[in-house]
Amino acid sequence: MEADLEREVEAAAVAEAAASNNVDSIPSASSSSGVPLSPLHLVVLGHVDAGKSSLMGRLLHELGLVSARDDHKFQRDAAAAGKGSFAWAWVLDERPEERERGVTVDVAMTRFNTRRFAVTLLDAPGHRDFVPNMIAGAAQADAALLLVDGSPGGFEAGFSEGTGGLHGTPGGQTREHAVLARSLGIEQMAVVISKLDTVGYDKARFDTIRAALLPYLKSVGFKESSLQWLPASGPLGENLVGPPQDPNLAAWWTSGPHVVGAIDAFNPRERATSKPLRMPITDVFKSKTGAIVLGGKVEGGALKPGSKVVLVPGPSQPFSVRSLEASGSPTHLVRAGDSVEVALVAGHGGGAGGGGAIDPSNVAAGAVLCHPDFPAVLVTRFELRVVVLDVPVPLLRGHVVTLHAHVAREEGHITALLATLDPRTGDVIKSRPRCLTKGQTALVEVTAVRGLVLEEYADYRALGRVALREGGRTLAVGIVTRLLE
Ligand SMILES: Nc1nc2c(ncn2[C@@H]2O[C@H](COP(=O)(O)OP(=O)(O)OP(=O)(O)O)[C@@H](O)[C@H]2O)c(=O)[nH]1
């Protein structure tokens, strides 16, 4: 991202760390040897067919998390469907839906432990049509694996630039995912180059892809020191949990990390425990006992059974937390950074079937659970500092856009072009420009049709980032500088 955005991101990180009171060193899970584990939300990104699902499916198998029976079933079902080569992907892609759900943001979520982390894995779809789901996944993530197809022509397809003009084609998802991930707050990423078996594990191909991709990743705001690079193959099980076995790869990949090693090399995120409770909702369902259960990641604050909460937007009366689950296990405390399921009862006590005032089908993905004394506000007009991406035509006042913020999606339009800015100093270059073109940094005013839960970025990073999209393209990404209405 541009230098000013970068600075703000860093300043906010320092402020957040200072405010977090060190409650954060309390771990929420421990490894088999009793070593405390930090939570890590990891999103897997990459162009369609880059090998994301196969890699993660095989990794779960290598970690012993897929039973032999399921393994067999996936191979058999995938083969029967004429998609034998997709068998590993089915581990993640084929999830039975047992519960009666209201909203679900369609990002496959799986948990596993590494030596240092209790990982919540978010497998985001690579197809362009599913970029909104990818945004929801990346918005919750602390780090990313970016899968890049190393086969002949594969990298080039994913890294293609869009063609300009109104009817031009958008660029590959390697580009779009990288810029979105960075703008949604992901600072550390491991680039995993897959399918090198198709070129005999040619080191030159690995080096060429790295040389082409690194300048781009730096230009969108990743620091070189926060990037890792490694080869791996999901279907062939190469370099996932141990050193490569194929002699052609082992010949030159001698001291670099394998996938699990790269995950363990990420830094844990500071937990914003001292901030007001904010939990954007990704999932709503009724438990077997009839209680309303909300799923999502706690971005700030903490919760325990008995805590009073409100849903914004939602019914005005508070609810009580009846029980909590984190990483699939019941718990008495959840804090910023945890992925949780919160069972609610009506605030005045309720019964087993309490919380009935929330109808699962009426909860929008992106509603936010808050403390009743510090509720979030629903905003319809706000100011954004944006970087304009690969727009087919210049952006004008009145431009209709889809707004993506944390896991929320809402229709809106650009109500004013306030100024173009110097990306380094933030100084105004031109007030009230007539249009915005690719690469410009600008201050714009945006109106949302129905309202979004947003925070000013300086106050609350996780709820202060917005992406503007239209017709399958990301037009601009930015941070919320002022809430106006
Ligand atoms: N030869 C080879 N094929 C691979 C490798 N990784 C994945 N594939 C194949 O590539 C195809 C796509 O793999 P997926 O894992 O479904 O790709 P994806 O990135 O999850 O795809 P989307 O979720 O649709 O974006 C499948 O046929 C895989 O078997 C690899 O390292 N080598």
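Predicted model: local features only at pLDDT ≥ 70, side-chain atom pairs only at ≥ 80, totals over all residues.
Let us start at a single spot: Pro313 sits in the loop between strand S12 (308–312) and strand S13 (319–326). Helices (H or I, at least four residues) and strands (E, at least two) are DSSP runs, numbered from the N terminus. The peptide bond that joins Val312 and Pro313 is cis, with omega at about -5°. Most residues other than glycine have a negative phi, and most peptide bonds are trans.

Residues are numbered from 1 along each chain as its sequence is written, and side-chain values use heavy atoms, with hydrogens and water left out.

Now step back to the whole protein. Its secondary structure comes to 10 helices and 24 strands. The protein is divided into domain 1 (20–264), domain 2 (271–370) and domain 3 (377–483); these bounds come from an automatic or database domain assignment. Of the 485 residues, 55% count as buried, where buried means under 20% relative accessible area, exposed over 50%, and partly exposed in between (1.4 Å probe, protein chains only). Among the contacts with a separation of 6 or more, 73% are between residues 24 or more positions apart; a contact means heavy atoms within 4.5 Å.

After H2 comes Gly64, which has a positive phi near 80°.

Two residues other than glycine have a positive phi as well. Tyr201 has a phi of about 55° and is found in the loop between strand S7 (188–194) and helix H8 (203–219). With 6% relative accessibility, Tyr201 counts as buried. Asn239 has a phi near 60° and lies in the loop between strand S8 (227–231) and helix H9 (247–250). Asn239 is buried too, with a relative accessible area of 2%.

Next, look at where domain 2 and domain 3 meet. Their centres, taken over C-alpha atoms, are separated by 30 Å. Domain 2 brings 15 residues to the contact and domain 3 brings 10. The area buried between them is about 920 Å², and carbon and sulfur atoms give 71% of it. Buried area is the accessible area (1.4 Å probe) that two parts lose on being put together, summed over both.

Across this interface the rule finds 1 salt bridge, that is, a side-chain nitrogen of Lys or Arg within 4 Å of a carboxyl oxygen of Asp or Glu. Arg278 forms a salt bridge with Glu455, with the closest N and O atoms 2.6 Å apart. On the side of domain 2 that touches domain 3, strand S9 (residues 278–286) gives the most, with 4 residues.

Side chains of opposite charge can pair when their charged atoms come close. Asp142, Lys297 and Glu299 are linked in a network of salt bridges.

Glu187 forms another salt bridge, with Arg461, where the closest N and O atoms are 3.1 Å apart. Glu187 is partly exposed at 30% relative accessibility, whereas Arg461 is buried, with a relative accessible area of 8%.

Our last stop is the salt bridge between Arg482 and Glu383, with the closest N and O atoms 3.0 Å apart. This pair links strand S24 (residues 473–483), which holds Arg482, with strand S18 (residues 378–388), which holds Glu383, across 99 residues. Arg482 counts as partly exposed at 44% relative accessibility, and Glu383 counts as buried at 9%.
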